[in-house]
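Work through the exercises below with the structure open beside you. Try each task before reading its solution.

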Amino acid sequence: MNLEEFRNFTIRDYHALFARGELSPSVLLEAFFRRIEEVDPLLHAFLFVNRENALERARRLEKEWKGRDLYPPLWGIPVAVKDNICTLGIPTTCGSKILEGFIPPYNATVIERLERAGAIIIGKTNMDEFAMGSSTENSAFGPTRNPFDLNRVPGGSSGGSAAAVAAFEAPVALGSDTGGSVRQPAAFCGIVGLRPTYGRVSRYGLVSFASSLDQIGPMTRTVEDAITLFEVISGKDERDSTCAPYPPFSREEIPPQEDIRTMKIGLPREYFSEGVDPRMVKVITAVLRELEKEGLELIEVSLPHTNYALEAYYIVAPSEASSNLARYDGVLYGMRKGGDRGLQDMYFQTRSSGFGPEVKRRILLGTYSLSSGYYDAYYLKGMKVRTLVRRDFEEAFATCHLLVTPVSPVFPFFLGERTKSPYEMYLADVFTIPSAMAGVPSIAMNCGYEDGLPVGMQIIAGPFQERVLFALARFVEQMLSLPLPFPEIGPERRT
Amino acid sequence: MENIYVTIGLEVHCQLLTRAKMFCRCSTDYIGKTPNTLVCPVCMGLPGALPVLNRKALELAIKTALALQCEILPEVVFHRKNYFYPDLPKGYQISQYDFPIGVRGVLEFTLQGVKKRVRIRRVHVEEDAGKLVHEGPDLRGAVSGVDFNRAGIPLVEIVTEPDLHSPEEAKECLVMLRSIVRYLGVSDGNMEEGSLRCDANVSVSLSPEMPGTKVEIKNMNSFRSVFRALSYEVERQTELLRAGKTPVQETRHWDEVRQVTVPSRGKEEAEDYRYFPDPDLLPFCIPPEMLQEIQATIPELPLQKKERFMREYELPEPEAYILAQDRDLAEFFEACVREFPSPRAVCNFILTEVLKNLNSLNIGIRESKVTPSMLAELLKMVERREIGISLAKGIFEEMFRTGMGARDVMLKKGISFLTSERDLEKVVREVIEKNPQSVADYLRGKEKALHFLIGQVMRATKGQASPEVVKNLLLRELSGGE
Ligand SMILES: [Zn+2]
């Protein structure tokens, strides 16, 4: 069986084959394992491949479901999971030495929901340590590479999930997005990545980076599959107080295609400024022209506080992180160093050797921002800016249904290109941070290629308006009908 | 010798009586449980676990604040208090900061009959930490472990203004506070078991205009140690001042063994807790009807009860105060009075005999085997002069021990107590016949002879007759009665 035959498959297509008896979950799983064996030594998308457990589960599913042809939504579908989502009995490291060897005794809510829907956890994917980064170079276990060009980064922090889906090591994956960590790597790897409205998906079991920003989102090859995953993982959860009390999303809510043509698309001028790579603007503009031809109205809007959003984010997110990461102290789980030399020494050595430089930088930033005497000038100010950013979006959505922007101002950069300057690295998220700060949903999707590299387009909607987000994304996907990625990955492509 | 001016403020923590912990569903019934058996990812602070507020904890904290006449803030906001300690699994404690549950309350109590009034600065709710357990030959060779069974149990923190002016006042204030939380049913207020904890700020000054130096005292594990630690501290600071020195602003621990306060080791540098609103918990708006519902559950409080006892039962203030301190005892008293409407007698018996027996076992009235009806029955027998008061005390002890009624105790003990005066009359006549000399003496005006005759009757009845009844019978017989 050649996996390439399935490159344009959606979950529904696998189910059709399952139903006809032409494919089984274990055979499909084996095919993905072979693909992983083949390409992952070069990509390093996975931190853990769940070989035995996954196969056992696949066989059990087959047995349980013999003779039935109506499947739960993710039945038999392998799902790659970012390594900051707790999986019962499966290591969860957050890409950090400090959690090396940590095996959660419980499943995150999203994992429970995936499994209830019949999914099979194929493995845990690489990420920037504690989701802090935009290139997956901050992983303590080595970087992931971009399947389109092994010299380039896959984006981050969900770079492992993005690369795995783009390289077809897994059909779908979960990532987490704090300031762009699902959308930016999705764009860098030419796939679909959804950041849901804050509170639409339970965070229970997602290792916290910045609690008021973190959201889990699907990373898929098609909009269709993103919808399917979102249907499964969304909805209220008694275990997460910040989770909105709404039922799971249903694709029935998505408005029909013909309604799209009457929609007004806002183009925020701050996102098409001179800081953006002109080749990217060119590709996106071409898509927008086509949408116009289809009858959609394009208007220019403004999100005036865009430039402050990034600065405020680097106050608010590290502040929360400094507190969220205090629990890694060597007492209960994970790494412990210097335990025989007294408490202070244990804290000092464990945290000094357990955390990487970017995590330390953000803990320091956050600790400083929250310190008495600085709180008002930093954290409180950051929160005020956040309110202004949110208001920007409210005002924009009073005049249009959706916003379309580039996902990142830059193309996937080379490994090591931006590691010297944290600020340069932070800029890669400048277009994904504002909507995260506002808590509104947005989706990143491929809208073409330039010099063999994918170009990502971002669609942003008002809070809990995933339905319109999906409507336009699906419309664009069908309009463009781009081939789904199946990059050839081999050492000869490394230049 | 010049005057000294003592200023004391209390910071009291009470474990709230919820069935589940504050942010997870683990049981709070941790006393005597194997370490780390009442835990889950949430109260262990495992990566990815999130807190979900137990509304009951909030309700109990609001109830406490309402009973202390606080203004209730409309929005409940939880803050993270960040610091490192092994008993703190998340590296921060979920607490409250600038939006506590209640502010500006009042607590009243009396000290030797004088009414005192302490302002309450704030009442807030927070989670308890785990407990460090050391094992090994000495501290150096010890292995330290952490028991998280206690971690996440809801606490209400009550902070008073520095309105207390002596260790006696501080202790009495704490006693009243415990009495109130017990009345409310929000906490069992047990200092020895740690469900009520008290820290104090003490400052002493030689002039009322000059504020003293604030010294914080911790590690006081009983009411007695609160009193002793504060007395020690007042004396220590006074001596320093008289020697022309200034006390250092610091935290000191009460050393129960040596009965002194000593400076706390370490953790001395002013800690910056970096409070900020917990992003895992959304602010909670208290609906007005929730406040009304909680207000309706607040019972008559100790001071109100005391006033009523003085009014309704004409009890003296000190007795009424002691009874009212303990809600169970007060209710026992009232139930008993309903069956034996002689409040003074009931009160006296409770405050002497009942308390003595309860204290000897260190239990509360609720745990005792004696019911109000049983006590009423006993007191009725005394009133009817069927038994004397000293016999009644002995019978009560036995009732208390066995749970038997007064008559059953007497039967079992073979106390064939004289049920009718007719039986007693027979004995009295016999004694008169056998002691003509004493009768003659008495009739000649010798009072002592009467006592001798009473003694003879008592001996003949093996002490089971009421001396009062015997005396009356003798007088009747000797005056040629009938
Ligand atoms: Zn728990």
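The exercises cover a pocket and several salt bridges in this predicted model.

**Exercise 1. Find the residues closest to the centre of the second largest pocket, and say which elements line the pocket.**

Solution. 
- Step 1. Go to its centre. Of the 40 lining residues, B:Arg178, B:Arg182, B:Asp326, B:Ile363 and B:Gly364 are the closest to that point.
- Step 2. List the elements of chain B that each supply at least two lining residues. They are β6 (102-111), α2 (167-184), α3 (223-242), α6 (317-325), α7 (327-339) and α8 (343-361).
- Step 3. Pick the top contributor. α2(B) gives the most, with seven residues.

**Exercise 2. Decide where the second largest pocket lies relative to the domains of chain B.**

Solution. 
- Step 1. Note the bounds: domain 1 spans 8-205 + 271-293, and domain 2 spans 302-412.
- Step 2. Both domains give residues to the lining, so the pocket lies between them.

**Exercise 3. Classify each partner in the salt bridge between A:Arg239 and A:Asp237.**

Solution. 
- Step 1. Find the bridge. The closest N and O atoms of A:Arg239 and A:Asp237 are 3.6 Å apart.
- Step 2. Take the arginine. A:Arg239 has 27% relative accessibility and is partly exposed.
- Step 3. Take the aspartate. A:Asp237 is buried because its 9% relative accessible area is under 20%.

**Exercise 4. Work out which helices the salt bridge between B:Glu377 and B:Arg407 links.**

Solution. 
- Step 1. Confirm the bridge. The side chains of B:Glu377 and B:Arg407 meet at 3.4 Å, N to O.
- Step 2. Locate the ends. B:Glu377 is in helix α9 (residues 372-383) of chain B, and B:Arg407 is in helix α11 (residues 406-412) of chain B.
- Step 3. Note the separation. The pair is 30 residues apart and links distant parts of the chain.
- Step 4. B:Glu377, at 25%, is partly exposed. B:Arg407, at 32%, is partly exposed.

Note on methods
Residues numbered from 1 in each chain as written. Chains lettered and ligands numbered in written order. Predicted model: local features only at pLDDT ≥ 70, side-chain atom pairs only at ≥ 80, totals over all residues. Heavy atoms only, no water. 1 Å grid on protein atoms, 1.4 Å probe; cavity = no way out; pocket = protein on both sides within 12 Å on 5 of 7 lines; lining within 4 Å. Helix = DSSP H or I, 4+ residues; strand = E, 2+ residues; numbered from the N terminus. Domains from an automatic or database assignment. Salt bridge = Lys/Arg side-chain N within 4 Å of Asp/Glu carboxyl O. Buried < 20%, exposed > 50% of the residue type's maximum accessible area, 1.4 Å probe, protein only.
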